[in-house]
Amino acid sequence: MNDKRTDQTSPAARDLIARDRRHVWHPFTQHGTEAEPTVIARAKGASLFDAQGREILDLISSWWTCTHGHAHPKINAALARQAERLDHVMFAGFTHEPAVSLAERLAALLPADLNRVFFSDDGSTAVEVAIKIAYQSWINRGEPRRRMLLAFDGGYHGDTLGAMSVGRGSQMFGAFRDLMCKVCVLPYPATFDGDDAADEREAGALSAFDALLTERGQTIAALIIEPLMQGAGGMRFCRPRFLKRLVETAQKAGIIVIFDEVATGFGRTGTLFALEQAGVVPDLICLSKGLTAGYMPLSATVARDAIFDMFLGDSFERALPHGHSFTANPLSCAVALASLDLFDEERTFDRIAHIHARHRDMLGVLAARTDVTKPRVLGSVLAFEVKEGGQYQSEQSRALRDWYLAHGLNIRPMGATVYLMPPYCITDEELARAYAGMIDGLDALASGA
Ligand SMILES: Cc1ncc(COP(=O)(O)O)c(C=O)c1O
């Protein structure tokens, strides 16, 4: 494979990399083997620009966060306005306009009585909070027997301890097994376009769930799932009707249902939230990433009224003992509000539908390749498997990632899974470049270039 990297030869770039090497510990990085990081100097729209001004199309939206595009003038202005007014204030005993307005907006956008918004900082903490709410709600109800959590094979919910526990099916966290809480893992019926075993796998997952309910239904506190699409597990999809059956069965058995929409939220699957496509209402939903259009750390765990009511009482013991220094940071909330406005102002769902149609046009091209399996599209996400692509961080997936980067594309395969999840502002010309480069990378991989 060609291992030509971004040109980082300028003295300023060399200096920054040397300083980075001395003091920075990067996420998901083996510093013993990893090549030097790419210096990014600025970003605009769907593009990042390195120290030499070379363009890199951000085709995975910077870890799935960037929705309307980098450096959007309206979001920049909202951020600057809020910084002039109120930068931050602790959120216990204090409140402020951006947080209240954002809570109101989210409650109005979410279905039924998903009305109560708990703010935290990122996807992992949103999940952590949901797990703690679910768990404590059973204690507050006088049913402490319900302690077991259910999660799905291949699910990923973040890197804090609770979130890792429900993500144990992702095989990412072997070193921490002994620290995790009790979780049962159910099979996940990953489906794709033209999958003729989808019915069978869905039935298998549902009957595994039924068996578990019969065996120990009364001990289960909550079930967590990434609705319609497992992200880090490899862009694995499930169908809305499976999700609906699952949720109905769980709620009938009294189990609290948590939707982790950290990755799927804010348009990624074609609707604002994935739950809309299944027509179900979870008891708790976790939001982050696209919440602030990729600008600021912020997350929200939204609870149905009945869940919130279980924390009311005369003693602090019934309250949720959880909070963070930057809970409901006003700058983040102001940015989230500006981002929500843009969905209407820029007719973002038309753009998402357009990206979806363009992605679908690629399905035939991908299906015709002998080195590709399971091509699939959901909303603005296009994914497929490279045959014999190896595990997460395999030599092959890193080689492909490096090839793409060297050719101006930020595409980072997860093991055998190659995917595009672009910002919604991406233009037709940029998409054409993305598809052509994506295919060229596969050809280069196949020829060992
Ligand atoms: C579905 C899902 N939940 C939770 C997380 C964790 O979010 P964060 O990395 O912001 O902690 C992620 C991150 O990719 C995710 O995809």
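These legends go with close-up views of a predicted model.

**View 1. Helix 3 packs against helix 11.**
Here you're looking at residues 73-85 (helix 3) and residues 330-345 (helix 11), whose axes sit 9 Å apart at an angle of about 150 degrees. Anything over 145 degrees goes down as roughly antiparallel, so that's the label for helix 3 relative to helix 11. The crossing itself is right-handed. On the helix 3 side, the contact uses Lys74, Ile75, Ala78, Leu79, Gln82 and Ala83. Helix 11 brings Pro330, Leu331, Ala334, Val335, Ala338, Ser339, Leu342 and Glu345. Sort the residues of this contact by type and you get ten nonpolar, two polar and two charged.

**View 2. Helix 13 crosses helix 14.**
Residues 395-406 make up helix 13, and residues 428-447 make up helix 14. Their axes come within 10 Å and cross at roughly 130 degrees, so the two helices are oblique to each other. This is a right-handed crossing. Helix 13 puts Gln396, Leu400, Trp403 and Tyr404 into the contact, and helix 14 answers with Gly437, Met438, Asp440, Gly441, Leu442, Ala444 and Leu445. The tally for this contact is seven nonpolar, three polar and one charged.

**View 3. Strand 4 pairs with strand 12.**
How much of strand 4 is buried? Five of the seven residues in this strand (residues 114-120) are, so the rest of the structure largely encloses it. Its pairing with strand 12 (residues 299-304) is antiparallel and runs over six bridges. To get your bearings, find serine 120, which stands opposite serine 299 of strand 12. As background, strands of a sheet pair through backbone hydrogen bonds, either parallel or antiparallel.

**View 4. Aspartate 113 sits in the loop between helix 4 and strand 4.**
Helix 4 covers 97-109, and aspartate 113 belongs to the loop between that helix and strand 4. Is this residue buried or partly exposed? Its relative accessibility is 22%, so aspartate 113 counts as partly exposed; the cut-off for buried is under 20%. Setting aside residues up to four places away in sequence, aspartate 113 touches Ala303, Arg304, Asp305 and Ala306. Take alanine 306: it is 193 residues from aspartate 113 along the chain, yet their C-alpha atoms are 8.4 Å apart.

Strand 13 pairs with strand 14 (residues 381-386) over five bridges. In that pairing, leucine 378 has valine 381 of strand 14 as its bridge partner.

**View 5. Valine 280 is a buried loop residue.**
Look for valine 280 in the loop between helix 9 (275-278) and strand 11 (284-287). Its relative accessibility is 6%, so it counts as buried. Beyond its neighbours within four places in sequence, valine 280 is in contact with Lys244, Val247, Phe259 and Leu275. For a sense of distance, glycine 254 is 26 residues from valine 280 along the chain, and their C-alpha atoms are separated by 15 Å.

**View 6. Phenylalanine 28 and methionine 235 have positive phi values.**
For phenylalanine 28, phi is near 45 degrees. Methionine 235 also has phi near 45 degrees. Where do they sit in the chain? Phenylalanine 28 is in the loop between helix 1 (11-23) and strand 1 (40-44), while methionine 235 is in the loop between strand 8 (229-230) and strand 9 (236-237). As for accessibility, phenylalanine 28 is partly exposed, with a relative accessible area of 39%. Methionine 235 has 0% relative accessibility and counts as buried.

Key
Residues are numbered from 1 along each chain as its sequence is written. This is a predicted model: local features need pLDDT of at least 70, side-chain atom pairs count only at pLDDT 80 or more; totals for chains, interfaces and linings use all residues. Side-chain values use heavy atoms; hydrogens and water are left out. Axes are lines fitted to C-alpha atoms, for helices over the stretch in contact, and angles run from 0 to 180 degrees between N-to-C directions. Helices (H or I, at least four residues) and strands (E, at least two) are DSSP runs, numbered from the N terminus. Angles under 35 degrees count as roughly parallel, over 145 as roughly antiparallel, 65 to 115 as roughly perpendicular and the rest as oblique. A crossing is left-handed if the near helix is turned anticlockwise from the far one by less than a right angle, and right-handed if clockwise. Contact means heavy atoms within 4.5 Å. Ala, Val, Leu, Ile, Met, Phe, Trp, Tyr, Cys and Pro count as nonpolar, Asp, Glu, Lys and Arg as charged, and the others, Gly among them, as polar. Buried means under 20% relative accessible area, exposed over 50%, partly exposed in between (1.4 Å probe, protein chains only). Two strands pair if DSSP finds at least two bridges between them.
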